[in-house]
Amino acid sequence: MPPSVVVVIREDPRRSHRAVEALRIALGLSTGENPLSVILLGQSPLMISEEPEDIVDGEIMEKYLPSFKYLKIPFSVPIGTSVKFNLDSEFNVRELSEEAIRSVISGSDRILVF
């Protein structure tokens, strides 16, 4: 079985280009055999909200978001995030407890943190 990969994004996309770059990297990793999950923490769920505003490199991000929807790449966010950030329902998003998020991360073979 191929190693599983988790990309954890905790950068604030309004303050750093790293959040959008992490999405780009995650999309690239999704094309391989490895099962991929993306965990969005802090302010990073803004990238998949209904109205992402003031995001550094937002025009670049807009190119990648349709692929995430089409491929149904799973995003995990803390419980309550969907309401707080008004997440776009076209994304494959699941809300997890902090313990479940820790479990996903610790159970993964490869972890990239941004």
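**Reading contacts, cores and helices**

Mentor: Let us start with Leu 40, which, once its neighbours within four places in sequence are left aside, is in contact with Ile 9, Pro 45, Met 47, Ile 48, Phe 75, Ser 76, Val 77 and Pro 78. Please keep in mind throughout that this is a predicted model.

Trainee: Which residues touch the most other members of the largest nonpolar core?

Mentor: Leu 40 is one of them, together with Ile 9, Leu 23, Met 47, Phe 68 and Phe 75, in a core that has 26 residues. At least two residues of this core are supplied by each of strand E1 (5-9), helix H1 (18-29), strand E2 (36-40), helix H2 (58-71) and strand E3 (74-78), and the largest share, six residues, comes from H1. There is also a second, separate core of five residues, with Val 6, Val 8, Ile 39 and Ile 101 among them.

Trainee: How confident is the prediction, and which element has the lowest mean pLDDT?

Mentor: The general idea is that where pLDDT is low, the predicted coordinates should not be read in detail. Here the chain averages a pLDDT of 95, and 100% of the residues score at least 70. Among the elements of the chain, the lowest mean, 93, belongs to H3, while the highest, 98, belongs to E3.

Trainee: How should I read the packing of two helices, and at what angle do H1 and H2 pack?

Mentor: One looks at the angle between the axes, at their separation and at the residues that meet. H1 and H2 pack at an angle of about 40 degrees, and their axes are 10 Å apart. Because angles under 35 degrees would count as roughly parallel, this pair is described as oblique, and the crossing of the two helices is left-handed. From H1, Val 20, Leu 23, Arg 24, Ala 26 and Leu 27 take part, and they meet Ile 60, Met 61, Tyr 64, Leu 65, Ser 67, Phe 68 and Leu 71 of H2.

Trainee: Staying with helix H1, is Ala 22 buried or exposed?

Mentor: Ala 22, whose place is in helix H1, counts as buried because its relative accessibility is 0%, and the cut-off for that word is under 20%. Not counting residues up to four places away in sequence, Ala 22 touches Val 7, Ile 9 and Phe 114. Its C-alpha atom is separated by 23 Å from that of Gly 80, a residue 58 places apart from Ala 22 along the chain.

Trainee: And what does Thr 81 touch?

Mentor: Thr 81, in helix H3 (residues 81-85), touches Pro 45, Asn 86, Leu 87 and Glu 95 when residues up to four places away in sequence are not counted. Thr 81 also counts as buried, because its relative accessibility is 7%.

Conventions:
Residues are numbered from 1 along each chain as its sequence is written. This is a predicted model: local features need pLDDT of at least 70, side-chain atom pairs count only at pLDDT 80 or more; totals for chains, interfaces and linings use all residues. Side-chain values use heavy atoms; hydrogens and water are left out. A nonpolar core is a set of buried Ala, Val, Leu, Ile, Met, Phe, Trp, Tyr and Cys residues joined through side-chain atoms within 4.5 Å. Buried means under 20% relative accessible area, exposed over 50%, partly exposed in between (1.4 Å probe, protein chains only). Helices (H or I, at least four residues) and strands (E, at least two) are DSSP runs, numbered from the N terminus. Contact means heavy atoms within 4.5 Å. pLDDT is the predictor's confidence in each residue, from 0 to 100. Axes are lines fitted to C-alpha atoms, for helices over the stretch in contact, and angles run from 0 to 180 degrees between N-to-C directions. Angles under 35 degrees count as roughly parallel, over 145 as roughly antiparallel, 65 to 115 as roughly perpendicular and the rest as oblique. A crossing is left-handed if the near helix is turned anticlockwise from the far one by less than a right angle, and right-handed if clockwise.
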